[in-house]
Amino acid sequence: MSLTDATSRPAAPSRLSGVPVMLAALFCLACLVCALGADWIAPYGEADLVAMPWQAPDLAHPLGTDQLGRDMLSRIIFGARTSIGLSLAIVTLAFMVGGAFGLAAVTLGGWADAVISRVVDLFMALPPLVLALLALSVSGTSLVTLTLVAAFIASLRVFRLTRALGVDIAARDFVDVARLRRDSTARIMWREILPNAAIPLISEFGLRFVFAFLFVASLSFLGLGVQPPTADWGGMVRENVGALNYGRLTPLVPAAFIALLAISVNLIGDYVVARRGGAR
Amino acid sequence: MNGSAPLLEIKGLHVEAVLPNGGIATILDDISLTLGRGEVMGLIGESGAGKSTLGLTALGAVRGGAYVRSGEVKLDGVDLLKGGPALLRDIRGRRVAYVAQSAASAFNPAFRLIDQVIETSVQRRLMSRAQARQRAIELFARLELPSPETFGEKFPHQASGGQLQRAMTAMAMCARPDLIVFDEPTTALDVTTQIEVILAVRQAIREEGMAGLYISHDLALVAQMADAILVLRHGKMVESGSTAQVIEAPTADYTRRLIAARNLRHAPQPERPPLLELKGIAAGYGNVSIIEKLDLVVPQGRTLAVVGESGSGKSTLGKVICGLLPHRAGSLAFAGRRLEPDMHRRPLDDLRDIQMVHQNPDLALNPRQRVGEIIGAPLSRFQGLRGAARDVAVAALLEQVELKPEFAERRPGALSGGQKQRVCIARALAARPRLIVCDEVTSALDPLVADGVLKLLARLQAEQGVSYLFITHDFGAVEALADHVAVMRHGALVAAGPARQVLNPPYHPYTEALIRAVPELRLGWLDGVIAARATQTPDRRST
Amino acid sequence: MTAILAKRLAMGIVLVLLASALLFFAGELLPGDFATKLLGSSATPEAVEALRRARGVDAPALTRYLDWLAGLMRGDLGTSLTNGREIGPLIATRLKNTLMLAGAAALIAVPLAVGLGTLAAIFRDRLFDRAILVLSMVTVATPEFFFAYMAIAVFAVNLHWVPSISIVTAGMSFERMWPLLVLPVMTLVITSCAHMIRMTRASIVSVMDSDYVGTALLKGLPEWQVVVRHVLPNVMSPIAAVVVLNLADLVVGLIIVETIFAYPGMGQLMVDSVSKQDITVVQACGLIFAATYILLNMIADLLAIALNPRLRYAR
């Protein structure tokens with residue numbers, strides 16, 4: 001509703017240009033292909049010592065080698081599998097748990113809603129990284145703990161969003177109409193509420209994925225996430241930090257991949273929301 | 001300054017807007033008008049007609065991505081569109097002022113009203129602060145705001161909607177502009193509040209001698225406020241002339257239909273036995289009681305109109321009857337059997353027999369479903385129809401509500417407001433109900449569209465014998481449909497009975513106040529009200 | 001309004017208490033026995049028992065929780081599980097270092113982010129705004145260590161302007177200390193600005209699009225007056241909230257930045273202790289981080305309430 005002088009001609013509306021989004025989508029696709037087909041795509045094995053440590057990039061090793069002399073490109077490809085797979089597992093778990101509790105809070109209402117919401121409020125009042133560090137110090141660094149903790153933290157936000165969307169949509173008259181013809185709760189969820197929550201939930205999935213992905217990368221970087229010799233982008237940054245002292249940029253390679261993937265997913269998310277603008 | 005030029009002269013005005021997809025939409029197409037000093041012109045049209053855009057151009061402003069493609073907007077002979085930003089700043093507030101539809105959001109929440117009212121005069125150095133305050137207090141008194149001396153000390157959230165609308169008028173008048181643009185200033189108000197505001201505004205305009213552009217979708221209201229009327233539709237001028245000419249001898253077909261839209265009358269019908277009986281119904285949310293001890297009867301195949309202002313509990317009543325909000329006391333009897341308070345405990349037959357049509361079709365239709373699914377769902381549930389048989393039934397229902405069968409394939413987003421409401425009616429009919437609760441079904445619609453929906457409801461009742469509980473604040477709709485009328489206020493019944501009896505003298509005083517507050521489409525109606533008031537109670541400084 | 005403030009304050013205290021309980025009882029879940037672990041499998045049962053008693057691990061959990069709380073009230077944070085040293089003095093110097101780093105970062109980041117966000121809102125949809133939006137989107141999605149190592153590679157390794165690690169010690173002079181702070185502060189500023197810029201811009205844009213700003217424009221006030229008189233008073237509260245919320249996130253961002261630069265702060269201590277499974281230190285650090293986070297969030301809430309005229313002046 002912005003007010004302007006009638007004499008000034010407005011600029012053409014800004015639209016997200018398609019080219020960066022296409023590039024982002026291609027990059028995401030490439031990462032996914034690498035993650036799924038790492039065994040076939042990677043030129044060398046995940047833990048094979050193939051050359052001298054921290055070799056400069058050449059034809060045999062386009063991204064150089066790491067601190068033990070393993071091929072960086074192969075490690076990046078295998079790392080895609082760990083980093084993306086882990087993040088997807090975390091977000092999927094988070095959506096199952098957070099979504100289920102969110103829907104339960106909406107449908108049950110009353111006491112159940114109040115209790116679940118207060119507990120979520122408590123955990124959301126704490127810094128996520130501190131929660132994760134606490135859990136990891138208690139149970140030691142393991143992939144299972146890492147996944148569970150990250151999924152738990154992400155599920156808090158998924159819960160809040162699902163609950164808010166559910167409350168909002170359930171208050172619309174067409175849901176009353178469905179209830180008044182005695183459609184089952186499951187049918188109302190599936191046919192009336194879910195289709196209207198789909199777009200915000202999908203964009204939230206993207207956001208949560210980026211968050212989980214960066215979170216895992218950070219923990220691995222701190223040495224508390226994925227443990228060697230499994231390749232993982234965050235851990236690879238940590239392992240290769242020493243290269244900086246020799247004037248090599250090796251640790252920046254996995255770091256750049258982390259940044260590129262996170263940016264790409266965000267770009268695609270923004271694009272989807274802009275295209276389906278006002279779907280909420 | 002050119003002494004012979006009219007105050008405002010708009011010539012050949014074209015306004016366009018850039019759409020989000022990059023396309024161009026025409027908002028105003030070749031509009032011309034002339035307004036003399038001290039004259040008020042009414043701009044009338046349905047939503048999307050471009051009347052608000054036209055009003056804003058008198059201040060050299062547009063909203064959200066619009067721009068003037070060609071044309072002139074001359075104030076005292078000077079084209080505002082050629083003067084640049086400095087000229088626009090100079091005339092805004094000082095020579096042309098604006099009163100918005102929603103005063104509640106048009107006032108800055110962080111400041112006291114008085115500081116906002118005198119802002120133009122003080123910041124533009126038209127008056128000293130003390131003079132401006134004095135002037136504002138005079139205007140508060142003239143606009144009949146309570147305790148004018150101290151009213152301005154309130155923050156916006158501390159005043160009521162009707163008060164804010166008057167304060168906004170005072171703000172516009174404070175710097176003594178030549179022209180005020182009123183953009184639907186009373187649309188968001190209840191009728192009894194609206195009448196107070198328009199009375200005060202009309203008197204103030206006369207006494208101050210200002211010219212006005214009065215924008216509204218309500219022809220009857222505009223006829224009371226304006227000397228001349230310009231009818232707009234789809235951005236084009238349909239008709240313009242003096243108010244008397246437009247009201248009494250309209251030339252355009254569209255104007256004639258607009259005038260006729262107010263004149264639907266329901267012929268008295270023979271009495272029928274009761275279908276739904278409410279005895280001593282009480283209901284509310286949490287600790288708040290909304291309805292208390294309500295007794296009502298809806299006869300078979302007839303219409304009971306429930307009339308009231310916002311907060312009267314009339315919409316809550318609809319929820320109670322459907323079982324969405326279980327009542328706390330009293331009893332509901334339907335066709336001789338008792339209705340459970342809670343819908344979950346009602347048998348499916350009871351749910352089928354009572355259907356509901358909501359106020360806002362955008363909320364009542366699932367935007368992700370096709371019309372065929374929306375109407376098909378109750379057919380499957382209540383008639384057990386599937387597949388091709390269901391498709392045939394959907395097509396038949398669409399025909400009954402005067403929509404083409406192709407609509408079954410569309411989603412609600414592709415329909416107009418009136419078409420959506422017809423789909424809602426078709427969905428209700430699909431259950432073959434005996435009673436339809438209609439909750440303000442016409443209040444979100446433009447007058448002509450509402451008229452069509454009312455005619456449809458009347459025809460369906462005549463053909464199928466369905467009863468309506470018709471919840472509304474609009475007496476026009478009551479006259480068009482109601483056999484019986486119940487007037488509600490603060491959750492209780494004020495008057496009830498056959499329509500002829502309730503809507504004619506001797507009235508209950510509140511019913512009379514409600515009816516008298518609805519503008520009538522005849523010249524001099526408001527003057528009559530003013531004259532009548534002058535002889536009656538002197539004190540009406542409230543709300 | 002005082003009632004609302006009191007309620008929020010009470011809620012903050014309850015949250016900190018709950019957080020302390022969570023931290024403490026999570027420690028109780030620690031599988032395996034720390035004493036056995038610490039002394040190795042060859043330790044005699046007597047030695048294990050003695051160590052357990054020395055650390056007071058054999059009392060009931062609730063008693064020890066209350067003891068721990070009481071200790072906290074007196075400023076006694078307990079002793080480290082692994083080396084038996086007092087945690088209080090250990091944390092004190094590190095807390096000071098951390099506050100110094102966070103303070104320096106906040107001092108630069110807040111004015112920078114609010115300024116850039118305001119400019120982006122004023123030049124909405126123009127080139128400057130779009131550039132800022134793209135930049136902030138990129139920085140939000142980029143991990144701290146990318147910027148940190150980039151900066152190390154350029155400024156420390158190539159240019160030798162500043163050292164690549166930042167081990168500050170007590171009693172270090174300011175001249176020797178500040179070069180050590182440059183890179184960590186820079187990293188923190190870059191990563192914490194993006195969010196603040198976006199939120200500042202969004203708050204201002206929503207006020208600029210409001211009806212009452214339209215009213216002010218239609219009064220013929222010059223644009224700067226509209227901004228100063230009508231926009232600013234109404235964006236103060238959301239921006240204050242944005243700033244405080246982001247300070248809370250900054251505190252957490254510290255944990256990673258300190259580790260990167262081997263900066264002897266609380267964050268690095270906590271990460272170290274996690275890998276050593278030194279739960280008492282993790283608990284103490286965690287509680288301080290959590291309490292700061294809760295406190296800052298509460299301040300954001302209180303600011304929003306205090307600056308809202310609807311709550312300041314009741315009907």
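Reply: Begin with Arg176(B), which sits in the loop between H8 and strand S8 (179–183) of chain B. Bear in mind that this is a predicted model.

Me: What is the phi of Arg176(B)?

Reply: Most residues other than glycine have a negative phi. Arg176(B) is not a glycine, yet its phi is positive, about 50 degrees.

Me: Which loop holds His490(B), and is His490(B) buried or exposed?

Reply: His490(B) lies in the loop between strand S20 (484–489) and strand S21 (492–498) of chain B. Its phi is also positive, near 50 degrees. Exposed means over 50% relative accessible area; His490(B) has 64%, so it is exposed.

Me: Is the peptide bond from Pro505(B) to Pro506(B) cis or trans?

Reply: Most peptide bonds are trans. The bond from Pro505(B) to Pro506(B) is cis, with omega near -5 degrees. Pro506(B) belongs to the loop between helix H21 (499–502) and helix H22 (509–517) of chain B.

Me: How many residues does each chain give to the contact of chain B and chain C?

Reply: Chain B gives 27 residues and chain C gives 19. Together they bury about 2,200 Å², with 55% of it on carbon and sulfur atoms.

Me: How many salt bridges cross the interface of chain B and chain C?

Reply: Two salt bridges are found there. One of them joins Arg229(C) to Glu119(B), at 2.8 Å from N to O. On the side of chain B that touches chain C, H5(B) provides the largest share, three residues. By class, that side has 14 nonpolar, eight polar and five charged residues.

Notes
Residues numbered from 1 in each chain as written. Chains lettered and ligands numbered in written order. Predicted model: local features only at pLDDT ≥ 70, side-chain atom pairs only at ≥ 80, totals over all residues. Heavy atoms only, no water. Contact = heavy atoms within 4.5 Å. Buried area = accessible area lost by both parts, 1.4 Å probe. Salt bridge = Lys/Arg side-chain N within 4 Å of Asp/Glu carboxyl O. Helix = DSSP H or I, 4+ residues; strand = E, 2+ residues; numbered from the N terminus. Nonpolar A, V, L, I, M, F, W, Y, C, P; charged D, E, K, R; others polar. Buried < 20%, exposed > 50% of the residue type's maximum accessible area, 1.4 Å probe, protein only.
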